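Student: I am new to this structure. Please take me through one part of it closely.

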Amino acid sequence: MKKKMDARSITTMALLIAMMVTLTRVLGIETQFLKVNFSFVPEIIMGMLFGPIWTGVGAVIADFIGMALLPKAPFFIGFTINAFLSGAIYGYFFYKKEITWKNSIQSVLVNTVVINLMLTPLWLAMMYHVPLDSWVIWAPRLIKAVIWVPIQSILTYFLGSVLPYKRWVTHFYTH
């Protein structure tokens, strides 16, 4: 287990952060109240390699870089908190672990409930002065959850089955 970030770790994390920014800001679909993207893919890889804290930090850095280079909405610290927590959740479920159906589904459900269904509606209500019980916040969010949870769970499990996880960890932590 690495105790500090070396050049290889920093370079790997930087590449994953660049992927997160690209998948979120360039290739993602975003409206005022809803966002759909595939940034969870590099975030899962980061979680597998770096654990909850460093993955959370990497997600925050990606959020700051994305906001600086390609802002799509005003900056709000709540979404940066979401970025950290999302990274930490993936790090918790996947750090030095193989991706299974169980941890794929659990990680997606925890992320969906905590980030998408609890914190994001709160931040949106605060940011846009919309009542927390407004259908404007909840309708697209609930529809997305019903559709996206199975898709993201399947993609997460598939990602785990195609990634050479054991070889990466062996190579990453022995050099």
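Tutor: Let us look at the cavity. A cavity here is a set of grid points where a 1.4 Å probe fits but cannot get out, and its lining residues have an atom within 4 Å of a point. Keep in mind that this is a predicted model.

Start with the count. There is 1 cavity of 30 Å³ or more. The volume of the largest cavity is about 50 Å³.

Now the lining. The largest cavity is lined by Val-108, Thr-112, Asn-116, Arg-141, Lys-144, Ala-145, Trp-148, Val-149 and Gln-152. Two elements each give two or more residues to this lining: helix 4 (101-128) and helix 5 (135-162). Helix 5 supplies the largest share, with 6 residues.

What kinds of residue are these? The lining of the largest cavity holds 4 nonpolar, 3 polar and 2 charged residues. Arg and Lys count as charged, and the lining includes Arg-141 and Lys-144. Val, Ala and Trp count as nonpolar; among the lining residues are Val-108, Ala-145, Trp-148 and Val-149.

For a second stop, turn to Arg-25. This residue sits in helix 1 (residues 7-26). Arg-25 has a relative accessible area of 10%, so it is buried; the cut-off for buried is under 20%. Its side chain reaches the backbone oxygen of Leu-70 at 3.5 Å. Neighbours within four places in sequence aside, Arg-25 is in contact with Asp-63, Gly-66, Met-67, Leu-70, Pro-71 and Lys-72.

Conventions
Residues are numbered from 1 along each chain as its sequence is written. This is a predicted model: local features need pLDDT of at least 70, side-chain atom pairs count only at pLDDT 80 or more; totals for chains, interfaces and linings use all residues. Side-chain values use heavy atoms; hydrogens and water are left out. Helices (H or I, at least four residues) and strands (E, at least two) are DSSP runs, numbered from the N terminus. Buried means under 20% relative accessible area, exposed over 50%, partly exposed in between (1.4 Å probe, protein chains only). A polar contact is a pair of N or O atoms within 3.5 Å; within protein, one must be able to donate a hydrogen and the other to accept it, and residues adjacent in sequence count only if both atoms are side-chain atoms. Contact means heavy atoms within 4.5 Å. On a 1 Å grid over the protein atoms alone, a cavity is a set of points where a 1.4 Å probe fits but cannot get out, and a pocket is an open set with protein on both sides within 12 Å along at least five of seven lines; lining residues have an atom within 4 Å of a point. Grid points are joined across faces, edges and corners, and a volume is the space filled by probe spheres set on the points.
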